[in-house]
Amino acid sequence: MTAYCESKVISGAYSSTADMIRQDYPVYVKTGTTDWGDGHPEYDVPAGSTKDCWLVAQTNKYTITTWLGYDVLQERSYFTNSEYYDNTKSYIVKFLLEALEEHFTKEDGYDPYPGIEQPEGI
């Protein structure tokens, strides 16, 4: 059920920063962010600014997780809108998915094309 919901992040009706990860085989994705809440003017961090962003992508064989962000509050430790929408997390995952596909072949027993199988009774 989770994989079904995650598949809609890429193949659903709404655009997402994860759209660029789309492949010729099923990829399941969840994205997320954390913000600094009310902000921290003493560090020039505005209210609601993005503290970190992450993306988890999986296929029938692999799970890839990327995290970008600031785990220590200091001067300007947040993403601007431009930096967030540069979508670095998706570029990293796309690169890794393509590298895995090139590295492993069907002859090696790796077939990226089937989706995650639905368990019996679900």
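Q: Which residue stands opposite Cys53 of β2?
A: In this predicted model, local features need pLDDT of at least 70 and side-chain atom pairs count only at pLDDT 80 or more, while totals for chains, interfaces and linings use all residues. Residues are numbered from 1 along each chain as its sequence is written, and side-chain values use heavy atoms, with hydrogens and water left out. Strands (E, at least two residues) and helices (H or I, at least four) are DSSP runs numbered from the N terminus. The residue that faces Cys53 in β2 is Thr33.

Q: In what order do the strands of the open sheet lie?
A: Two strands pair if DSSP finds at least two bridges between them. Antiparallel β1 and β2 are joined by 8 bridges, and β2 (residues 50-58) is joined to β3 by 7. The edge strands, each pairing on one side only, are β1 (28-35) and β3 (63-69). The order is therefore β1-β2-β3.

Q: Which residue of β3 is the bridge partner of Cys53?
A: A hairpin joins β2 to β3 through 4 residues. Across these strands, Asp52 stands opposite Gly69. The bridge partner of Cys53 in β3 is Leu68.

Q: At about what angle to β3 does helix α3 run?
A: Angles, from 0 to 180 degrees, are taken between N-to-C directions of axes fitted to C-alpha atoms, for helices over the stretch in contact, where contact means heavy atoms within 4.5 Å. Helix α1 (residues 2-11) lies across β1 and β2, at about 80° to β1. Helix α3 (residues 88-103) lies across β2 and β3, and its angle to β3 is about 155°.
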